[in-house]
Amino acid sequence: MDIDLSAPHSMGTTIIGVTYNGGVVLGADSRTSTGMYVANRASDKITQLTDNVYICRSGSAADSQVISDYVRYFLHQHTIQLGQPATVKVAANLVRLLSYQNKNMLQMGVIVGGWDKYEGGQIYSVPLGGTILKQPFAIGGSGSTYLYGFFDQAWKEGMSKDEAEVCKMLIFVPDICSVNMFWQKILFLCYHTITSQIMSYVLSRWQLL
Amino acid sequence: MHVIVEGDRERMARFAADAPTRGGFSFDLCQRNEMLLKKGTQLPTFRKTGTTIVGLVFEDGVILGADTRATEGPIVADKNCEKIHYMAPNIYCCGAGTAADTEAVTDMVSSQLQLHRYATGRESRVVTALTLLKSHLFSYQGHVSAALVLGGVDITGPHLHTVYPHGSTDTLPFATMGSGSLAAMAVFESKFREGLTRDEGIKLVSEAICSGIFNDLGSGSNVDVCVITRGQTEYLRNHQLPNPRTYVSSRGYNFLKGHTEVLSTKITPLKSKVEAPAEVDAMEE
C-alpha cells in the first residue's frame, strides 16, 4: 500500500446539519486525508461565513476553502449594502452560484446552516454539481452513506435542542473514512427566539480513542 | 549589378515585424519537442527536493526546520541547499516539492509583502502571506508543485500554517511536509506538547528532521533550523551536521601538471569580430 502524498488534498468526511426548535446544529469530523495519509487530524470543517451563517465543507479542501472565502467576502459586502444581517438563503445561494457556474473545475459538497429573523433556523445542502436543496436536516461527505438509515429512523420534526444533540452521537457512528477520529467539532447555533439575539454558541471537542 | 541577397538575420527580422505580439504560452516548439521525444532523447527532469520540512509553535514563537538535500530523481543534486526561505523579517517559509516552484513562489510573495509593508507602514502578518500563497497556488490548480510550511510571529501572535499545491491550507500547532513527513510526524506525535521552551523546541525539531534524514531516501545531509520570536529571528544554518564526509583521501585532491598524459593539443583562438558601422549618428538629447 503506497502512500500517494501527491494526491490532491481531500477530506474523507462526515458532515451533518439539523434544524430544531430555535435554531440549527452543525457537526463535522476533523480528518483531512491525502490519499491514505492523514494530513491533518484536527482540521476545522465548520467555517464561519457571517455571524449567523456557517458552512460545513467536504470534498476538495482547496476548492471548499476558496469558495468559502469568496462567499464570506460577498456576504460581507451584501451585509453592508443591505444594512442588516444576511439571510441564510442568500448565503446558500451564493455558494450555489459559484458551485454551479464552475462545476467543471470544482469538487465540493457543502451544507450551509444558520439562523435569520425571517425564516428561523435553516439548512441548505449544496452537493456536487451545484444543486441547492432546503432540507430540515442534511448529511454529506463520504461518511454520510452510513447515516442515511439512522436518520431515516431517528429524525423527526420539531425536535428540542436536547433531541437535536443526538446529532452528537451520530458522528460517533464509525465509518471507513472517519473511523478513529480524535476530535469532532460540534457547533451549536442557538438563537434565543424572544430577543432574536445570539445568546451563545458552544463549541465542544470530543476525544475518541 | 547589386544583387540583394536575404540573409538569415534579415529573414528573421521580417518575420518578427509581421507577427503580431501574442500573449500566453507559445506552442511553437511543441512539434519539435515531440519529434525529439520520438527520436529517443529524454527531456531533462525537474529537480524535486524530496524533503523533510517541519514547524512547531513553542511558548515564545515558532520554530521551523528543514533538511538540506535536493534530488534529481535518484541523484543528489545539491548536498547543502537552503529550504527555509525568507518571506519577511518575522516570517519564514520552508518549501517542499519542485525546487524552482518553491523558490519562485516564496520570492514572489516575499516581494509582494515588502510592497505591502511600504503601502501600509506596518509589519507583515502571517495570514497575509498565507492568503497570497493560497490564491496563487489555487489559480494554478496544483501545477505549481509547492508544498510549504509557513511560520512567523506578528502583532497577533505566533502562527504556523501548511500550504498544499492545490491551494488548501491548515493551521496547526505542529506540522510536517515533504517525502519525510511521515517519519518526522511520528516524532512530533510522540514528543510534542504545548508550551515547549526554546531549547526543547529546537531539540525536538532537530530530532524530527534527523528522523526524516535517516529514514527517508529523499531527505539527507544537514539540519537547518529557524527560530522566530517577537522582535527577533535566528536562522541557524546547518545547526546539525549528522552526515560528515568521513573518507577523505589523505594525499589530497591536487592534480599537478604532468600527472595526466596529454594525447593531442588543438588551440582555436577566439576572434573578436565586431564590425562597427562606418557612419554613426551622434546621440542627440
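Colleague: How many bridges join strand β7 of chain B to β8(B), and do they run parallel or antiparallel?
Modeller: Seven bridges join them, and the strands run antiparallel. Keep in mind that this is a predicted model.

Colleague: Which residue stands opposite B:Gly157?
Modeller: B:Asp154 does. β7(B) covers residues 146–154, and β8(B) covers residues 157–163.

Colleague: How many residues lie between β7(B) and β8(B)?
Modeller: Two, and the pair forms a hairpin.

Colleague: What about β8(B) and β9(B), how many bridges there?
Modeller: Three, again with an antiparallel run. β9(B) spans residues 169–171. Within β9(B), B:Thr171 is the bridge partner of B:His161. These two strands form a hairpin with five residues between them.

Colleague: Which residue in that turn has a positive phi?
Modeller: B:Gly167, at about 110 degrees.

Colleague: Why is β8(B) largely enclosed by the rest of the structure?
Modeller: Because six of its seven residues are buried.

Colleague: Is A:Thr13 buried or exposed?
Modeller: Buried, because its relative accessibility is 0%, and the cut-off for buried is under 20%.

Colleague: Which side chain does A:Thr13 have a polar contact with?
Modeller: That of A:Lys45, at 3.1 Å.

Colleague: Last one. What are the model's scores?
Modeller: ipTM is 0.76 and pTM is 0.76. For chain B, the mean pLDDT is 88, with 89% of residues at 70 or more.

Key. Residues numbered from 1 in each chain as written. Chains lettered and ligands numbered in written order. Predicted model: local features only at pLDDT ≥ 70, side-chain atom pairs only at ≥ 80, totals over all residues. Heavy atoms only, no water. pLDDT = per-residue confidence, 0-100. Buried < 20%, exposed > 50% of the residue type's maximum accessible area, 1.4 Å probe, protein only. Helix = DSSP H or I, 4+ residues; strand = E, 2+ residues; numbered from the N terminus. Pairing = 2+ DSSP bridges. Polar contact = N/O pair within 3.5 Å; in protein donor to acceptor, adjacent residues only side chain to side chain.
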